[in-house]
Amino acid sequence: MTGLRYVYAVCRPLGAPLQAQLTGIGGAPPALLAHRGLIAVVSTVPEADFCEEGLKAHLEDLDWLAATARAHQGVIDALTTVTTPLPLRLATVFRDDSGVRSMMEARETDFLHALDRLEGQVEWGVKVFTEPPPEPATDERAGTAATGEKSDKPMSGRDYLRRRRADTRAHEADLQAAEAFADALHQRLGAHAEASRLHPPQNASLSGALGRNVLNAAYLVPRNRSEEFVELVDRTKDEAGGLRVELTGPWAAYSFSGFAEEDARHGASAGEGR
């Protein structure tokens, strides 16, 4: 079976070795391919899986996609502990090493500029969620909503509509308060970061997260100031007033390197460089 060269990331020569037990996609350890002062972190993957037709078929296999994404992320995480990597898009592959080197040479200036800009910095993600709205009351007898005590008198249509309007107004007020908190938090965290970026809110039906996502942001923070940034986020959790604040990281600077997104826009994926 022939193989393709899978590229995880581009970085400068490593100052420390990667973990000896690190494995990439397919269980093989990643290799380092040097070219003109840059390093591509690569491994060999089956062409049958990563050619255009193979990937198209695997898009229907969520287990395969999840395992591939975990292996890809595992290599990026390991690199982030020893250097500043520029992650490339999932499933960026080339026919052989010469194809990888050609890519590195063509993009050398952009890679070096990004590495200079991101050196010594990591990405932290912060999300804020509202609490899920309470389930609609099933007992529609008068007095239940107002006092918590059940009544034998059925609720009139007018009372029911009045209660629903009150619930809607309360929900809208809570949402406005949540968005105001999220905006203030973003401004505060942004002041302690080198750069920040707002991402679109997560779709709950896709992410599975409970509540409404009112902040989905990334922050570029110097590694040596990360502890201070984490403490700041932790302090804001006490001010959240029923909201849920989630912190993730440290990550490679996905949101600030531009290369994973640029590859996606230009279609750099399976079979590139053939």
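Predicted model: local features only at pLDDT ≥ 70, side-chain atom pairs only at ≥ 80, totals over all residues.
1. Some ground rules. Local features need pLDDT of at least 70, side-chain atom pairs count only at pLDDT 80 or more, and totals for chains, interfaces and linings use all residues. Residues are numbered from 1 along each chain as its sequence is written, and side-chain values use heavy atoms, with hydrogens and water left out.

2. Have a look at helix 4 (residues 97-106), where the buried residues are Gly99, Val100, Met103 and Met104. Viewed down the axis of helix 4, these residues fall within an arc of 140°, so they line one face of the helix. Buried means under 20% relative accessible area (1.4 Å probe, protein chains only); the arc is taken from the directions from the helix axis to the C-beta atoms. Helices (H or I, at least four residues) and strands (E, at least two) are DSSP runs, numbered from the N terminus.

3. The structure holds four aromatic pairs. Tyrosine 6 and phenylalanine 50 have ring centres 5.6 Å apart and planes at 80°, so this pair is edge-to-face. Rings of Phe, Tyr and Trp (its six-membered ring) pair if their centres lie within 6.5 Å; planes under 30 degrees apart count as stacked, over 60 as edge-to-face and the rest as tilted. Tyrosine 6 lies in strand 1 and phenylalanine 50 in helix 1 (residues 47-50), so the pair ties together parts that are 44 residues apart in sequence.

4. Tyrosine 6 is buried at 0% relative accessibility, and phenylalanine 50 is buried at 1%. Tyr6, Tyr8, Phe50 and Trp64 form one aromatic cluster.

Methods. Buried < 20%, exposed > 50% of the residue type's maximum accessible area, 1.4 Å probe, protein only.
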